[in-house]
Amino acid sequence: MNSNKKKVVIIGSGFSSLSASCYLAKKGFNVSLFEKNDTVGGRARQLTKDGFTFDIGPSWYWMPDIFDRFFADFGKQTSDYYQLDKLSPAYKIFFDDDIITIGDSMDKICEEFERIEKGSSRHLKKFIAKAQRNYDIAINEIVYRPGLSPLELVTKDTIIRVDQFFKTISQEVRKNFKNPKLISTLEFPVLFLGAKPNNTPAFYSFMNFADFGLGTWHPKGGMYQIIIAMKSLAQELGVTIHTDSAVDKIIVNEGKATGIIVNSETIEADMVLSGADYHHTETLLDSTYRQYSEKYWQRKTFAPSSLLFFVGFDKKLDNIEHHNLFFDTDFGEHATEIYDNPKWPSRPLFYANFPSVTDKSMAPNKNETGFFLIPIAPGLEDTPELRDQYFDIILKRFQERTGQTVENNIIFKKSFCVNDFKEQYNSYKGNAYGMANTLSQTAFMRPGLKSKKINNLFFTGQLTVPGPGVPPSLISGKLVSELMEKNN
Ligand SMILES: Cc1cc2nc3c(=O)[nH]c(=O)nc-3n(C[C@H](O)[C@H](O)[C@H](O)COP(=O)(O)OP(=O)(O)OC[C@H]3O[C@@H](n4cnc5c(N)ncnc54)[C@H](O)[C@@H]3O)c2cc1C
């Protein structure tokens with residue numbers, strides 16, 4: 001190792017930290033990464049048990065172009081590391097009296113829309129064409145900007161679309177579609193941004209293009225394969241990775257970060273970067289060096305937390321796809337109980353993922369791997385009794401909607417909720433997906449990539465720019481590495 005290289009220490013090993021570590025190593029820094037847990041990957045770790053494989057966090061591989069760009073920046077392609085398959089159908093949505101199947105092409109999706117509402121495919125084509133233009137603008141002109149100035153959002157293309165930043169996606173969808181099932185289908189993609197559709201700018205319809213236009217993909221072996229790929233790339237580039245290494249303090253001398261304390265040892269550095277939750281990272285600093293007060297965090301709209309269940313079934317299940325949404329209750333009511341009046345949902349919507357439907361490697365032969373997710377408000381009371389109560393609620397609905405009995409086919413069940421998010425990731429209020437992308441929490445209005453108080457301290461990840469989700473986390477790592485290179 002060249003000892004003249006500037007030394008960077010990185011806190012955390014989620015997508016954003018791993019991404020930043022690769023870019024920084026490529027730029028010639030001496031990079032060491034410190035992760036509190038015993039494996040890398042952060043919220044995207046994997047659980048394996050008795051031949052079943054579960055992705056603990058992300059399961060939807062959307063925006064394949066962003067992953068391609070990431071690996072291409074290092075002269076690689078995704079196929080050097082994992083096999084990617086386009087899912088067909090992409091997913092299924094269960095309503096109380098019908099099921100909508102989202103196919104793997106616009107033609108199939110248009111056919112399904114026509115079945116639900118005659119004439120709707122014409123509107124859909126127009127809606128998706130507009131969403132595609134927004135996608136091109138978002139990717140080429142907005143999301144790869146560091147969020148340093150409002151001017152980053154001002155381009156010739158955004159100026160002529162300024163109304164789309166002040167109208168909501170709900171309004172945009174309702175202008176074109178009347179059928180409540182089609183409305184829910186089109187409002188679903190922006191849930192990845194962590195806010196309610198009626199609090200998310202219409203411009204974010206680019207997520208609808210990501211959904212219907214680019215499709216839903218699956219890396220064989222699960223989303224954790226991307227983490228394995230990035231870890232291996234980082235190591236190839238010379239990054240040193242330390243697990244079981246919780247950072248207890250960021251050391252600051254005369255306004256400059258000089259290192260970190262890990263397992264009672266001082267590690268010196270020229271620059272410090274944290275991909276751990278932003279709020280937690282600030283608690284590693286003496287209070288004078290924190291940029292944001294507790295009040296600031298309390299005022300922010302956080303993306304939901306989640307109650308998750310990882311379930312091994314001893315048989316193949318019927319009438320399911322790889323991804324399944326259960327929208328058979330009122331979305332508005334559930335959203336109110338997440339954002340406006342935080343409480344355990346009265347009648348929760350939920351998501352069920354069975355990767356073993358398309359990928360045999362995810363479960364033993366003739367068994368099914370099941371992951372269930374209920375979005376909930378961050379910070380809710382979390383007890384074993386509540387978890388059990390909600391498992392019973394969704395399992396009952398799952399059986400009714402899919403027309404089968406599975407409760408006697410459960411080999412094991414493991415849950416994960418608010419307390420685990422806090423304990424395992426130091427997550428603020430146990431949030432699952434960071435901070436929502438509402439209009440007032442977009443770009444330069446999000447917590448910054450660079451500390452305003454300490455010149456050589458940086459942040460990355462889903463609480464900063466550009467926002468929640470795996471593709472944005474990859475981008476966040478790239479953006480911060482560029483700022484750090486300039487700062488050098
Ligand atoms: C249940 C769930 C489902 C999701 N579904 C999807 C999906 O389908 N598609 C999608 O694109 N996105 C999805 N997401 C969002 C996506 O997973 C995240 O946006 C992304 O993984 C965040 O990466 P990150 O690097 O910002 O943070 P993290 O993954 O949280 O990484 C931060 C790391 O810092 C570590 N850390 C914290 N404190 C310390 C410390 N003091 N010292 C050392 N290390 C520390 C943590 O242990 C963690 O490993 C989902 C998230 C969850 C939770």
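Predicted model: local features only at pLDDT ≥ 70, side-chain atom pairs only at ≥ 80, totals over all residues.
Guide: Local features need pLDDT of at least 70 and side-chain atom pairs count only at pLDDT 80 or more, whereas totals for chains, interfaces and linings use all residues. Residues are numbered from 1 along each chain as its sequence is written, and side-chain values use heavy atoms, with hydrogens and water left out.

Visitor: Why are α1 and α10 called roughly parallel to each other?

Guide: The axes of α1 (residues 15-26) and α10 (residues 224-236) cross at roughly 30 degrees and come within 9 Å. Angles under 35 degrees count as roughly parallel, and α1 and α10 are therefore described in that way.

Visitor: Which residues of α2 and α16 make the contact between these helices?

Guide: Helix α2 (residues 64-72) packs at about 30 degrees to helix α16 (residues 470-487), the axes being 9 Å apart. Ile66, Phe67 and Phe70 of α2 and Val470, Pro471, Leu474 and Ile475 of α16 make the contact, meaning heavy atoms within 4.5 Å.

Visitor: What makes the buried residues of α7 line one face of the helix?

Guide: The buried residues of α7 (residues 169-176) are Ile169, Ser170, Glu172 and Val173; buried means under 20% relative accessible area, with a 1.4 Å probe and protein chains only. Seen down the axis of α7, these residues fall within an arc of 165 degrees, so they line one face. The arc is taken from the directions from the helix axis to the C-beta atoms.

Visitor: Against which helices do the buried residues of α7 pack?

Guide: They pack against α4 (120-142), α8 (180-187) and α9 (206-214).

Terms used
Axes fitted to C-alpha atoms, helices over the stretch in contact; angles between N-to-C directions. Helix = DSSP H or I, 4+ residues; strand = E, 2+ residues; numbered from the N terminus. Parallel < 35°, antiparallel > 145°, perpendicular 65-115°, else oblique. Buried < 20%, exposed > 50% of the residue type's maximum accessible area, 1.4 Å probe, protein only.
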